Amino acid sequence: MAIENILMPQLGESVTEGTIEKWLVKPGDTVNKYDSLAEVTTDKVTAEVPSSFAGVIKELIAQEGETLAVGALVCTIETEGGGTAEVAVEAVPAKAEPAAGSGKPTSSLNREKGAAAGRYSPAVLRLSQDNGIDLSLVEGSGKEGRITRKDLLAIIESGNIPTAAVASVAPVVETAASAPITQAPSVPAPKATEPVNVPVAVGDIEIPVTGVRRAIASNMLRSKHEAPHAWMMIEVDVTSLVQYRDSLKNDFKKKEGFNLTYFAFFVKAVSQALKEFPMMNSMWAGDKIIQKKDINISIAVATEDSLYVPVINNADEKTIKGIGRDIQELAGKVRSGKLKSSEMQGGTFTVNNTGSFGSVQSMGIINHPQAAILQVESIVKRPVVMAGGMIGVRDMVNLCLSLDHRVLDGLVCGQFLARVKAILENITAENTSIY
């Protein structure tokens, strides 16, 4: 017999950790290869971890609710093999004693006694630095006292941030390969606001926070903490676009089997403008900015209690019909629960159809690590002063852009929005093909 390890998989691009929401097996259970072992939630997707082996569950290492770095051990499986293999346990290097006068409390030294003490996942370290949390003062709830992301989120929500005036020893970052590296302290972000004490009266309904909702909240909080958001809005006269689409929609539905929506025209216009202004298709990477070659448009799709962001790959190379089909198929997969984690990876710019809910003006939170998100609002008929001073009723729409000011400035964003406006205002039957 042999003992095989099941590790936390990487369930999406830039995903560094996952939370075990629910175990689907218990020690002693027999599983086949590819059987689901646990439900895992990340900031991008909820998925099931499959077994890489056929055998018997020996030990569940991770606890439900525990957040682990990608590559961390979650459970072990006993399989048929040539001999008995022991699960390797990582040796813990001796910790250096703190310098005299460092100010580190003795109580925190007494807590450093597990294999996980003083070793933090990248997400835990980043969250502690962003919020000025002294990790030596935090009691971890994870295995062997490991501090988890969930522990820090609870501290941030409470508003009671443990801090130390002097940091004596640079913390150790634990990578997916368990290779420790030192990390210099950074300037902390503003502390979270004090929590609101909400009284619960008779008839009030308390709604538990699901793993997906918690992941959404965490990702949005991270985006707002890390990216300095700025905002721009432009109004566009889409009267010609509306007339063109309305003249085609019935025949298109009969021929293609799905609706020709306005949103497909907007996504096409944005992808074309991104090709002309590639800086908008960029991401912040700490010591550099990554300008992405592929134009992959993320679109927001909401369900009753969650928000998913599937991706239209290479949108600039697709026709309006092709983009419309992708929108239809991806939205259908989200609402039927069949969307794959791979279909939410690789997005470089987000377009959000807030107008579908009747919104006319909004400020979106950037989809980390992208540099911008564009909100497409409702198309409404408004009186507009036209050339020659005449007033006419036109179909108008607001486009609202949120941008990461570390990556983008007003000049390029203004030029980008002006180009999107020009494309949309010139969509007519004479110069635009949907095929």
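Strands (E, at least two residues) and helices (H or I, at least four) are DSSP runs, numbered from the N terminus. This is a predicted model, in which local features need pLDDT of at least 70 and side-chain atom pairs count only at pLDDT 80 or more, while totals for chains, interfaces and linings use all residues. Residues are numbered from 1 along each chain as its sequence is written, and side-chain values use heavy atoms, with hydrogens and water left out.

**Partners of strand S22**

- Strand S12 (residues 229-237) pairs with S22 in the antiparallel sense over 9 bridges, where two strands count as paired if DSSP finds at least two bridges between them, and Met233 stands opposite Cys400 in S22.
- Strand S20 (residues 372-376) is also antiparallel to S22, with 5 bridges, and the bridge partner of Ile373 is Ser402 in S22.
- Strand S21 (residues 380-385) runs antiparallel to S22 and is joined to it by 6 bridges, with Pro383 opposite Val393 in S22.
- S21 and S22 form a hairpin with 5 residues between them, and Gly388 in the turn has a positive phi of about 85 degrees.

**An open sheet of four strands**

- An open sheet is formed by 4 strands in the order S1-S8-S6-S3, with antiparallel pairing.
- Strand S1 (2-7) and strand S3 (30-31) stand at the edges with a single partner strand each, so one side of each is left without a neighbour in the sheet.
- Within this sheet, strand S6 (residues 55-60) and strand S8 (residues 73-79) run antiparallel and are joined by 4 bridges, and Ile57 stands opposite Ile77 in S8.

**Confidence of the prediction**

- The chain has a mean pLDDT of 81, and 79% of its residues reach 70 or more, pLDDT being the predictor's confidence in each residue, from 0 to 100.
- Among the elements of the chain, helix H6 (residues 262-276) has the highest mean pLDDT (98), whereas strand S11 (residues 180-182) has the lowest (33).
- Over residues 82-117 the pLDDT is below 50, and this stretch has 37 contacts in the model beyond near neighbours in sequence, a contact meaning heavy atoms within 4.5 Å.
- Residues 165-193 also have pLDDT below 50, with 49 contacts in the model beyond near neighbours in sequence.
- Where pLDDT is low, the predicted coordinates should not be read in detail.
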